[in-house]
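Here is a short briefing to read alongside the model.

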Amino acid sequence: MTSLADRPVNPVVGVPVAHESAALHVTGTALYTDDLIVRHQDVLHAWPVQAPHAHALVRDLRTAPALAVPGVVRVLTAADVPGVNDAGTKHDEPLFPSEVMFHGHAVCWVLGETLEAARLGAEAVEADYEPLPSLVTVAEAVEAGSFQGGRPTVSRGDTATALATAAHRFSGELEFGGQEHFYLETHASFAYVDEGGQVLVHCSTQHPTETQEIVAHVLGLHSHEVTVQCLRMGGGFGGKEMQPHGYAAVAALGSVLTGRPVRLRLNRTQDITMSGKRHPYHARWEAGFDESGRLQALEATVTSDGGWSLDLSEPVLQRTLCHIDNAYWIANVQVHGRIAKTHKTSQTAFRGFGGPQGMLVIEEVMGRCAPLLGVDPTELRHRNLYVPGQSTPYGQPVRHAERLRTIWTQLLDRAEVERRREEIAAFNAAHPDTKRALAVTPVKFGISFNLTAFNQAGALVHVYKDGSVLINHGGTEMGQGLHTKMRQVAATALGVPLETVRLAPTRTDKVPNTSATAASSGADLNGGAVKNACEQIRGRLAEVAARKFDIHPDDVRFVDGTVTGIGFHDRQMSFAALAHDAYFQRISLWAAGYYRTEGLHWDGARMQGEPFKYFSYGASVSEVEVDGFTGAYRLLRTDIVHDVGDSLSPLIDVGQIEGGFVQGAGWLTLEDLRWDVSDGPHRGRLATQAASTYKLPSFSEMPEEFNVHLFEQATESGVVYGSKAVGEPPLMLAFSVREALREAAAAFGPGGRSVGLASPATPEAVFWAVQEGRRVPTAGAEGTPEPATTAAH
């Protein structure tokens, strides 16, 4: 066995290659879950009956009228569940509820011969509700004392004393919104029962094993009686980590009861109104700085809006608290977390998993306090970056902290920040009604699951007699390129060309007990497992080749499909020939691989330990132009330097960095979820139910100039081929956009003004920030910055 990080001669990893399904994607031939129904006959279609109240008791449910609709076959209710009537892992999510907990909650499902029949049947179901008081906002939940789950605290040092003795002391309040996943493919499941009674579920899920477990417990079966397959997803972003399970269970239940295949695919409006989002948050903070502008203390209370059930809200909140420091050393910290229970969709995982929410708080502190300290915000951030030898508030050493400052310096140089600042100053002096600004922000993001048990993975690798290779691993492909990287890992580990390696769909009967493809750990975990399986096979093949060449097995080399020995120039054989020979010598050509992340420990009760394998680092600089009359803005240029270790697949990684950045910019500047908070009949209804009312980033929101550079000489020891995760960390690079907008708004005034900026920083929010920036600053540096909320002005 070789070191996990060492790369052989001529590795296939590190080579820019196209996504393994790119041609299928662009030609429309890639199959997704909902495409599979055409291969089956007599498929039934499912449609939900959605409640029109945010909170209500279901007093009566009359399904007979639906059964009278032509084409309706069955109505599924709680009475039909043979096992546990629950769609979650915490048993707080009834699959068929007797109490409606959010506007649009599905109380039953109708199965029809056609989708139209199912829809008409759902309209015919007669439901009697008893409306109950509802809590729609975090403020309402806090006032009512409506909380759920644990209330973790991260602390270090003596925060009260540090604040009391700080040279400069500030406090503030921030409310910021959630985010709709808006994956291209909505939630979809397709279930049927084979001749042996095995329940087969094709599902667009990031966590096939958990989907398998939920389906099994709803049906009253064991896991081995249920198989879940995920061919590919049209996007996930965390929204398909926990939330697909209930939909899969409905499809499977319908199939078991009718003996026919059942297809359940939400349309866009159903998906948006029924599925969870990124958690909105409210935060109160108080910070103390010394005379040189170094952050001495931070005290904060962060409240997440968990919606109606826990889902993943507890680990999301834990990660928020573990990332509230972002890339900054804070000697004294005390941060309290709590989860509000509201009558809204159950909020869930979203790219970054609570990390962005915590990091937004500290970036707000930096952005608000820099003008009051009389320090340039870029300098204030640089001054407070971690240095080697320091540790996080929860006790984990910040390894390779020197990379932060190196990346920062590289970025300023590559982006020509000094020259551009001069140009911006000249532009602003000549344009009283339009201002430009740029901002630089860092990222430090921990990689691994907070739940230590999830940091394991399996793989199954087959080498056939002709030398071709088939791999199967526990990770799911949602467009992020995981399968592409796994093919490169396998080709490198076996020493064969990439085109000889094929990947099979993710299935629970091939690799069991999988972890979710989440926490940016898909390549780390599954790559380790694939490499382990390949090395087992290669070790056996080396024994065969060693006997043939009369050398020690350690001296056998596998390169580009050719097998030879150290120093050989005249004796070699093809990998295919070696596989053929090994078979006839009765040598096993397949292996089950396994990987567990070493060196992790986490005490969630004490919020102490080392939960992350390593930290991913990065920094970005963004330049914006703001119209003082309307608050409309343009993103002129973004430059990024990001640390992905030794990249497994550079083309994939650059794409992930670009996509993550744009998605983060969408959350921070555009995407505004609005619920009806009135006392009218539509209270609790999500008003932004479609792309027509929910603004997504498009080509016009892309930086007009976009430069991404992968940090070099960045091998990460103890990770597959020295690589680092890339899925989530780049999203937080978008903080530079929000901070640039803040600085541009301040540029309309005389300077020295601490400008509040709501999140998302829509043009309206920027307009009000401009108005605030125009006001003359009050005397003195100390104070309480005005609150910035999503309902600013």
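Across the interface of domain 1 and domain 2, the rule finds one salt bridge, a term that stands for a side-chain nitrogen of Lys or Arg within 4 Å of a carboxyl oxygen of Asp or Glu. K90 forms a salt bridge with E314, and their closest N and O atoms are 3.3 Å apart. Please keep in mind that this is a predicted model, where local features need pLDDT of at least 70, side-chain atom pairs count only at pLDDT 80 or more, and totals for chains, interfaces and linings use all residues. Residues are numbered from 1 along each chain as its sequence is written, and side-chain values use heavy atoms, with hydrogens and water left out.

**Domains and their interface**

- The protein chain is divided into domain 1 (40–132 + 187–265), domain 2 (281–450 + 604–774) and domain 3 (456–596), with bounds that come from an automatic or database domain assignment.
- Between the C-alpha centres of domain 1 and domain 2 the distance is 38 Å.
- In domain 1, 17 residues are in contact with 22 residues of domain 2, contact meaning heavy atoms within 4.5 Å.
- About 1700 Å² is buried between domain 1 and domain 2, and carbon and sulfur atoms give 61% of that area; buried area is the accessible area (1.4 Å probe) that two parts lose on being put together, summed over both.
- M101, H103 and F237 supply 31% of the area that domain 1 buries against domain 2, more than any other three residues.

**Salt bridges in the whole structure**

- A search of the whole structure finds 51 salt bridges.
- One of them joins R383 and E379, with the closest N and O atoms 3.1 Å apart.
- R383 and E379 are separated by about one helical turn because they are four residues apart in helix α11; helices (H or I, at least four residues) and strands (E, at least two) are DSSP runs, numbered from the N terminus.

**Aromatic pairs**

- The structure holds 17 aromatic pairs, counted when rings of Phe, Tyr and Trp (its six-membered ring) have centres within 6.5 Å; planes under 30 degrees apart are stacked, over 60 edge-to-face and the rest tilted.
- Among them is the edge-to-face pair of W329 and Y386, 6.5 Å centre to centre with 70° between the planes.
- This pair links distant parts of the chain, 57 residues apart: W329 is in the loop between α9 (313–322) and β16 (332–340), and Y386 in the loop between α11 (377–383) and α12 (402–414).

**Backbone points to check**

- Most residues other than glycine have a negative phi, and most peptide bonds are trans.
- E416 is not a glycine, yet has a positive phi of about 50°; E416 is found in the loop between α12 and α13 (417–430).
- A cis peptide bond, with omega about 10°, joins S759 and P760.
- P760 is found in the loop between α18 (735–746) and α19 (763–774).
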